[in-house]
Amino acid sequence: MSQYQRLLLIINPALRHSPAMHQASSLAKASGASLHIAALIPSLKWLSLLEEGDRTLAREQYLQDHRNWLEAQAQNLRGQGIVVTIQVTWAQDMKQDIIDHVTDIHPDLLIKEIDHVSVLKRAFFTPLDWHLLRHCSVPVYLVGGGGLSLPRKVVAAVEVTDAESTDDELNERIIKQACCLAMQCDAELHLLFACDISAAFLADMGGLTLAELTQALRTDLEKSFVHLAGQFGVPPDHRHFVDGHPVRVLSEFADAHSVDAIVMGRVQSHGLHKLLGSTTEHILYQVPCCVLAV
């Protein structure tokens, strides 16, 4: 039985060549899941310039044009054996409207194309995708520009420590979601840990040199990583223990190994981290592939 039963795709119908549409329909076909496509339209400023009667007519005509287009797409997908439902509506509050759709539909995945937001804009406004990563109750599958076909190489990016911690539960969810995606897409599954040991973390450690402490901790972390990989049956040639900052490591690894999807954990941000964004949030703008956030 498929792990995916119901998928929710959020689109802007004005962008009619979104790779998210192709990715969602391909995943629905591969898994046998039903697909609900919600086309949410932001308010159009130019409508306010019209008289009330003309504005009402223009709004309805605009909606109907998009309904006709989306219904044609849905009919094509139904011809491929996919169960598809559609909805076209205005979005008064895009962030909340998407969360409300998730609450109403209870999908296994929320699928959406990545909105690329400039560094300057991110400094003043929380991007929509960051909001979804922080507040969505289901896994969020954000489709990059290269997501025109199903993933063939899936990487589960985990966080390990040298002792048991709360990361273990999140790692399990990450790996299970990655396994599920890889299984539905008949893709390779890889496991990666970016080992970033800071000098601050190693300070004041009983007289040992920094190099000794770094090597000792790295050895312990690698043992934990190997143990985690073994628990889930990941073969040695699909395990990647890489030194460096997670954003840089994942970005370079995705480019070098033609990764199609990265599965990562998402945690609640607080204080400065909430303003600056988490590793998962910044990865969206650094890699050309899809990101599945658990």
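1. Leu109 is buried, because its relative accessibility is 0% and the cut-off for buried is under 20%. This is a predicted model. Leu109 belongs to strand β4, which covers residues 109–113.

2. Asp220 and Thr161 are 59 residues apart along the chain, and 7.9 Å separates their C-alpha atoms. Asp220 sits in helix α7, residues 210–231. Its relative accessibility is 33%, so Asp220 counts as partly exposed. That class lies between the cut-offs of 20% for buried and 50% for exposed.

3. Next, the helix pair α3 and α5. Helix α3 spans residues 94–105, and α5 spans 128–135. Packed helices are described by the angle between their axes and the distance between the axes. For α3 and α5 the angle is about 40°, and the axes are 10 Å apart. The two helices are therefore oblique to each other, since angles under 35 degrees would count as roughly parallel. The crossing of α3 past α5 is right-handed.

4. On the surface there is a nonpolar patch. Leu120, Phe124 and Phe125 make it up, and together they have about 410 Å² of accessible area. Phe125 lies in the loop that links α4 (119–124) to α5 (128–135). Is Phe125 buried or exposed? Phe125 is exposed, because its relative accessible area is 56% and the cut-off for exposed is over 50%.

5. Two backbone points deserve a check. Most residues other than glycine have a negative phi. Asp186 has a positive phi, near 55°. Asp186 is placed in the loop between α6 (167–185) and β7 (188–195). With a relative accessible area of 70%, Asp186 is exposed.

6. The other backbone point is Ser258. Its phi is near 50°, again a positive value in a residue other than glycine. Where does Ser258 lie? Ser258 is in the loop between α8 (246–256) and β9 (261–264). At 53% relative accessibility, Ser258 counts as exposed, because exposed means over 50%.

7. Leu109 is buried. Asp220 is partly exposed. Phe125 is exposed, Asp186 is exposed, and Ser258 is exposed.

Key. Residues are numbered from 1 along each chain as its sequence is written. This is a predicted model: local features need pLDDT of at least 70, side-chain atom pairs count only at pLDDT 80 or more; totals for chains, interfaces and linings use all residues. Side-chain values use heavy atoms; hydrogens and water are left out. Patches are made of residues with over 30% relative accessible area and no salt bridge: like charges are joined within 9 Å, nonpolar side chains (Val, Leu, Ile, Met, Phe, Trp, Tyr) within 5 Å. Accessible areas come from the Shrake-Rupley method with a 1.4 Å probe; for residues, only the protein chains shown count as cover. A salt bridge is a side-chain nitrogen of Lys or Arg within 4 Å of a carboxyl oxygen of Asp or Glu. Helices (H or I, at least four residues) and strands (E, at least two) are DSSP runs, numbered from the N terminus. Buried means under 20% relative accessible area, exposed over 50%, partly exposed in between (1.4 Å probe, protein chains only). Axes are lines fitted to C-alpha atoms, for helices over the stretch in contact, and angles run from 0 to 180 degrees between N-to-C directions. Angles under 35 degrees count as roughly parallel, over 145 as roughly antiparallel, 65 to 115 as roughly perpendicular and the rest as oblique. A crossing is left-handed if the near helix is turned anticlockwise from the far one by less than a right angle, and right-handed if clockwise.
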